[in-house]
Each structure stands twice: as C-alpha cells, then as structure tokens.
Amino acid sequence: MGTMNNINNTTKGNTQNVATSTEKGAPCLSTRQLLEKIPNYPCLYRHSVNNTYYAIKKHGGKRKEHSLDTTDRKSAERRLKDWIANLDKVDAQAEKTTLEQLLEKFIKGRLGKSKKTTDTERSIIKNFKATWGNGLGIQVSRVQPSMLNEWLAKQETRLKDSSYNRYALFLKQLFDLAYNDKMIPESPFSRVDKPWKRVEDVKRIVPTDEQFRAIVDNIRAEKRNVKAEESANFVEFLGLAGLGQAEARSLTWGDIDWIKEKISVRRRKTGALFYPPIYPQLKPFLQNLLAKETAKAAPQQTALPPNTPLFTISDARKSLTNACNRLGFPNFTQRSIRAYLIRKLWQKQVDIKLISKWQGHKDGGKLILNTYTEVFGTDDADYEKAQLAKIIL
C-alpha cells in the first residue's frame with residue numbers, strides 16, 4: 001500500500017483550486033467540505049475540484065481519512081481495500097514520524113553495537129543526509145521505493161559491491177524499524193529494484209594440517225616475542241575451536257562447561273549466545289592450558305575464578321603473519337585459521353546444520369554452503385573424487 005497521510009494535509013493542487021475559488025468570490029471550502037460520497041461504494045469519496053479520490057472510515061472509535069493519491073476509479077478502489085486492510089498495522093501517531101526522527105531513533109537503538117558497527121552506520125547516515133533528495137522532513141509513510149532506488153543509484157557509481165550491500169542493509173534496517181513501530185504498513189525497501197549486489201568470490205586460503213601445526217610450533221618457539229606462548233595458544237585455539245578472535249578473546253574459564261562438554265560463546269556481531277562443543281582435539285588443549293594457568297595462580301588457589309579470561313591477548317595477527325613469513329607460507333589470516341576447523345568438519349561429513357549451529361549461525365547451513373565452502377583448500381578435487389567414488393550406478 002502506498003503512503004498514508006491525513007486528509008487535512010491537502011495537496012498543492014487542492015490549495016491552488018481553493019484559492020482560485022476564493023478569488024472568484026466563491027466561499028472558501030475545506031477539503032473535507034469538497035468531498036463527495038461515491039454512491040454504492042462504502043468509504044470512497046472524490047474531491048469535487050481536482051477529482052482526487054479519498055477514503056473515510058470509522059476505526060477504533062475515530063474517523064480516519066486518507067488521500068488515495070489518484071483520480072482513476074479502479075486504482076482508487078484497489079488502494080481503498082489496501083488502506084482498510086492496513087488500518088490495524090499502522091499507529092496514527094507513529095504514522096506522522098518524519099524521516100529525520102526515524103534516523104534519530106535508529107541511532108539511539110544501535111548504541112549497544114560495537115564501535116566499528118556504529119562508526120560505519122554514522123558514516124552512512126551522514127552521507128544519507130547529505131545526498132537524500134527528498135527532504136528529511138518527509139513523513140516516513142510517504143517514502144516510496146522509487147526514492148530509495150534513486151538514492152541507491154547515486155551510491156552505486158562510487159561504491160564497491162560489498163559497500164553497496166552495506167548501504168542497502170542500512171536502508172533495510174531503517175525501514176524495518178519503521179514497520180515494527182507501526183509507522184508504515186509495509187517497508188518500501190521490500191520493493192527496491194536492487195536490494196543487494198553479488199560480491200565476487202574471494203578465494204581464501206586455509207592451512208593444511210601440517211601447515212597449521214608448523215605455524216603454532218613456530219610462534220611458540222619465537223625467542224624475541226615475550227608473548228610467544230600466549231600467541232601460540234591463541235592461534236591454536238582458533239584452529240581447534242573454529243572460533244574468531246573476537247569470540248575467543250571474550251571467553252572466560254566460567255564459559256567452559258566440562259560436564260556438558262560445551263563452550264558458551266557470545267557472538268560478537270549479534271550478542272546472541274551459541275554453544276559449540278569441546279571437540280575431541282580441543283579438549284586436551286584446554287585441559288593443559290587450564291593446568292598451566294592454575295599453576296601460575298597464587299599458591300593458595302586450587303582453582304581459577306570463573307571470570308578469569310582464557311587469554312590475556314586480544315589477537316595474534318602479528319605473530320601469525322611473522323610465522324607465515326618465516327616459514328615461507330601464504331599469508332594466512334586468523335579467519336583462515338578459523339576456517340581450518342570448518343573444512344575438517346565438512347570433509348568428515350558432519351551434518352551441515354550442526355556445523356552451522358556450532359558456528360553460531362541460525363540459517364540451517366546456508367551461509368556455510370554459500371560462503372565458507374569456497375575456503376576448503378587445494379585438495380577440493382581429491383575430496384570431490386572421494387565423494388564420487390561413493391556413488392554406485
């Protein structure tokens with residue numbers, strides 16, 4: 001359904017017509033007085049001067065009035081039905097919210113996000129305010145998909161595909177907020193022509209078993225790095241647990257459930273909890289790490305407090321890069337190390353839905369299939385041959 005506006009907000013054409021009538025000596029009539037009821041069609045009215053159709057209906061004990069923004073009878077009938085169907089979906093007061101007020105509400109609602117996220121969104125909003133061509137005082141209910149298409153088209157010429165998708169995501173989130181708060185019956189973003197662009201696949205590299213072990217050992221043996229042991233432990237954990245550095249650095253020993261053999265992890269991007277298992281290869285690593293950390297604690301302590309961090313460093317990027325350079329390996333990133341476990345799970349034919357769940361995804365494996373499978377390394381051909389060998393014709 002199109003935009004919703006109060007009948008008292010007359011169009012420019014209405015104002016001109018009424019003004020003309022006044023100049024000719026005719027009485028100055030309000031828009032409401034100029035509406036004529038359409039016979040045998042409930043709730044449908046037509047402006048006697050400019051022929052625009054209007055809808056009037058009593059709802060919730062109050063008279064609701066709405067311009068259908070058309071002079072065509074058939075279009076008016078369709079819009080009337082949509083408007084009546086959407087009456088319960090829109091709050092009369094929220095409907096008056098301007099785009100500028102919506103932006104302010106959006107910013108306040110995102111304060112709990114990470115600094116990187118809020119900085120990105122503030123940059124996009126700054127650009128939006130500078131380049132939006134329809135005025136920030138426009139009611140959200142009057143924003144059309146064509147307006148969003150026009151704004152995105154301006155950005156498309158200067159943005160990479162991934163950046164374009166981030167700008168489009170901002171629009172989606174902005175008007176989802178408007179829809180959820182009953183400012184609009186439908187998000188205009190749902191009818192945008194190009195809601196996203198396909199990003200060219202980037203071939204990420206993932207270490208083999210031998211490379212992974214060599215990297216960890218090389219970091220641990222580095223004499224000039226005072227945090228060599230901690231860095232090696234951090235990298236080894238990423239590979240054995242299949243977690244990112246943001247999740248790893250926030251873990252405490254209280255997050256390790258030895259009885260259920262699960263780890264309580266808070267996803268950095270969404271704040272949602274998920275529970276990957278303590279994998280067989282990960283368990284002895286954690287047990288050894290706990291024993292070493294307990295031994296370092298004060299003599300009177302027999303156990304570490306639950307809030308004790310697993311790691312005292314936030315990432316091991318520099319140590320990882322230096323180790324790869326020393327070993328003559330490709331420049332593996334911490335994300336490459338995380339993908340090391342995902343590849344092993346995939347090739348061991350673990351249920352894709354379980355892999356997705358253990359990664360904190362809620363899409364049943366869609367992201368794993370569409371994104372992560374391209375990182376599965378140089379032995380993909382051998383893996384495919386092994387799978388084909390299972391087929392009996």
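Let's start with Asp 176, which pairs with Lys 172 in a salt bridge (a side-chain nitrogen of Lys or Arg within 4 Å of a carboxyl oxygen of Asp or Glu), with the closest N and O atoms 2.8 Å apart. The two residues are 4 apart in helix α6, so about one helical turn separates them. Asp 176 is partly exposed at a relative accessible area of 27%, and Lys 172 is partly exposed at 39%; buried means under 20%, exposed over 50%, and partly exposed in between, with a 1.4 Å probe and protein chains only.

This is a predicted model, in which local features need pLDDT of at least 70 and side-chain atom pairs count only at pLDDT 80 or more, while totals for chains, interfaces and linings use all residues. Residues are numbered from 1 along each chain as its sequence is written, and side-chain values use heavy atoms, leaving out hydrogens and water.

## Other salt bridges

The count of salt bridges comes to 21. One of them joins Arg 110 to Glu 121, with the closest N and O atoms 2.6 Å apart. Arg 110 lies in the loop between α3 (99-109) and α4 (115-131) and Glu 121 in helix α4, so the pair ties together parts 11 residues apart in sequence. Both Arg 110 and Glu 121 are buried.

Arg 220 and Glu 229 also meet in a salt bridge, at 3.2 Å from N to O. Arg 220 is partly exposed at 28% relative accessibility, and Glu 229 is partly exposed at 31%. A network of salt bridges links Arg 213, Arg 220, Glu 229, Glu 236 and Lys 292.
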